[in-house]
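Biologist: Hi! Could you walk me through the aromatic residues in this one?

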Amino acid sequence: MQHEIKKITRIVDEMLTMFMMTGTHEMDVRIQKEQDKTSIYFTQYGSTFDDDYIEQLENNLNIQRQCEVEGYYWQLTGENDMDEQLFLVGAMIDQVIIEKEEGKLSIELVRFNP
């Protein structure tokens with residue numbers, strides 16, 4: 001659990017940065033910590049992301065978690081361009097669920113506790 005809180009806040013920071021850099025005007029963030037996992041929920045209202053962008057976003061986030069190098073990755077967040085940052089976020093999470101319905105984009109990131 002070393003640096004676990006910092007890893008969660010870096011993930012949130014990177015996702016918020018991505019949303020703000022792409023013109024988001026209204027969104028909610030909710031973090032739910034449980035015994036076995038932490039879930040981070042992002043809800044973007046009035047989303048203008050098209051299907052191609054959402055697919056690219058999902059591909060960047062939906063990579064296999066890399067626990068063995070995670071100690072390096074979380075410290076690199078905030079240092080490079082947006083696509084690389086999302087890749088780093090993807091390497092620190094276990095599951096991503098993205099849904100868009102009537103202009104509301106919902107993203108759930110799940111990180112199981114080590």
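Modeller: Happy to: ring pairs link F19, F42, F49 and Y53 into a cluster. Rings of Phe, Tyr and Trp (its six-membered ring) pair when their centres lie within 6.5 Å; planes under 30 degrees apart are stacked, over 60 edge-to-face, the rest tilted. This is a predicted model, where local features need pLDDT of at least 70 and side-chain atom pairs pLDDT 80 or more, while totals for chains, interfaces and linings use all residues. Numbering starts at 1 along each chain as its sequence is written, and side-chain values use heavy atoms, without hydrogens or water.

Biologist: How many aromatic pairs are there?

Modeller: The structure holds three. F19 and F42 have ring centres 6.0 Å apart and planes at 35°, so that pair is tilted.

Biologist: Is F42 buried or exposed?

Modeller: F42 is buried, at 0% relative accessibility; buried means under 20% relative accessible area, exposed over 50%, partly exposed in between (1.4 Å probe, protein chains only). Y53 is partly exposed at 22%.

Biologist: What does F42 touch?

Modeller: Leaving out residues up to four places away in sequence, its contacts (heavy atoms within 4.5 Å) include V12, M15, F19, I107 and L109.
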